[in-house]
Amino acid sequence: MVTKACTKCHRIMEEDRCAVCNIPTSKNWSGFLIVVDPENSNIAKDLHITLPGEYALRVR
Amino acid sequence: MIYAIRTLVGQEKNVARLLARNVKTSGIEVRSILVPETLKGYILVESDTKIDMQNPAFKVPHMKGAIEGEIPYDEIQTFLNPEPITASIKKG
Ligand SMILES: [Zn+2]
């Protein structure tokens, strides 16, 4: 399974294009974050993440 | 509060995914799970309460046990901004 990440919102997905940002995704990502509860997560707040899910920390 | 859990090297993402699934169904107050690229054999768990490794939700294959004590939040912030300094200067 090839996972990719959106270069803007950093969400991890299999699609070639992010449905939210409408831009191409990248295979070149590193660092991994699962946000379970964005409303109560300091990490999610720091990264401006408002939706639960899987995110890359760095996307090129 | 941030807690570190040891995992088998190479299994960090799989352990994080299984743990995330478990905490969602069991209602444990885990807020997020961080797997920094540079930290081999560990995952970092953000939780409002001290994590209880005896809880069935923490019975995940390739998980090897928690590190005693909390990790200060400022120590993990470097993992959240992994871009090299030169890249941030160019953006500015
Ligand atoms: Zn996006």
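User: Where is the place of A:Lys4?

Analyst: A:Lys4 sits in strand β1 of chain A. Keep in mind that this is a predicted model.

User: Is A:Lys4 buried or exposed?

Analyst: Buried. Its relative accessible area is 13%. The cut-off for buried is under 20%, so A:Lys4 counts as buried.

User: What is A:Lys4 in contact with, leaving aside its neighbours within four places in sequence?

Analyst: The contacts include A:Arg11, A:Ile12, A:Met13, A:Thr25, A:Ser26 and A:Trp29.

User: Which residue in β2(A) stands opposite A:Lys4?

Analyst: That is A:Met13. Strand β1 of chain A covers residues 4–6, and it pairs with β2(A) in the antiparallel sense over 2 bridges.

User: What holds paired strands together, in general?

Analyst: Strands of a sheet pair through backbone hydrogen bonds. The pairing is either parallel or antiparallel.

User: Back to chain A. What is the strand order in its open sheet?

Analyst: The order is β2-β1-β3, with antiparallel pairing. The edge strands are β2 (12–13) and β3 (25–26), and each of them pairs on one side only.

User: New topic. Which residues are the protein donors of the zinc ion?

Analyst: A:Cys6, A:Cys9, A:Cys18 and A:Cys21, each through its SG atom. They lie 2.3 Å from the zinc ion. Their spacing in sequence is C-x2-C-x8-C-x2-C.

User: Where in the chain are A:Cys6 and A:Cys18?

Analyst: A:Cys6 is in strand β1 of chain A. A:Cys18 is in the loop between β2 and β3 of chain A. They are 12 residues apart, and the pair links distant parts of the chain. Both A:Cys6 and A:Cys18 are buried.

User: And what is the geometry of the zinc site?

Analyst: Tetrahedral. The angles among the 4 donor atoms run from 106 to 112°. For four tetrahedral donors, the ideal angle is 109.5 degrees.

User: What does UniProt say about residues 3–60 of chain A?

Analyst: An unreviewed UniProt entry annotates them as "domain: Spt4/RpoE2 zinc finger". Over those residues the chain is 9% helix and 36% strand. The end C-alpha atoms are 14 Å apart.

User: Now the two chains together. How many residues of chain A are in contact with chain B?

Analyst: 18 residues of chain A touch 23 residues of chain B. The area buried between the two chains is about 1,800 Å². Carbon and sulfur atoms give 62% of that.

User: What does B:Ile2 touch, leaving aside its neighbours within four places in sequence?

Analyst: One of its contacts is A:Ile43, in the other chain. Within chain B, its contacts include B:Leu44, B:Val45, B:Ile71 and B:Tyr73. B:Ile2 counts as buried because its relative accessibility is 2%.

User: Where is the place of B:Ile2?

Analyst: In strand β1 of chain B, residues 2–7. That strand is mostly covered, with 5 of its 6 residues buried.

User: Which strands is β1(B) joined to?

Analyst: β3 of chain B (residues 42–47) is joined to it by 5 bridges. β4 of chain B (residues 63–66) is joined to it by 3 bridges. Both run antiparallel to β1(B). The partner of B:Arg6 in β3(B) is B:Tyr42. B:Thr7 has B:Met63 as its partner in β4(B).

Key
Residues numbered from 1 in each chain as written. Chains lettered and ligands numbered in written order. Predicted model: local features only at pLDDT ≥ 70, side-chain atom pairs only at ≥ 80, totals over all residues. Heavy atoms only, no water. Pairing = 2+ DSSP bridges. Helix = DSSP H or I, 4+ residues; strand = E, 2+ residues; numbered from the N terminus. UniProt positions renumbered as here; feature names shortened; annotations may be inferred. Donors = N, O, S within 2.8 Å, 3.2 Å for Na, K, Ca; no water. Tetrahedral: all angles 85-135°; square planar, octahedral: opposite > 155°, others 65-115°. Buried < 20%, exposed > 50% of the residue type's maximum accessible area, 1.4 Å probe, protein only. Contact = heavy atoms within 4.5 Å. Buried area = accessible area lost by both parts, 1.4 Å probe.
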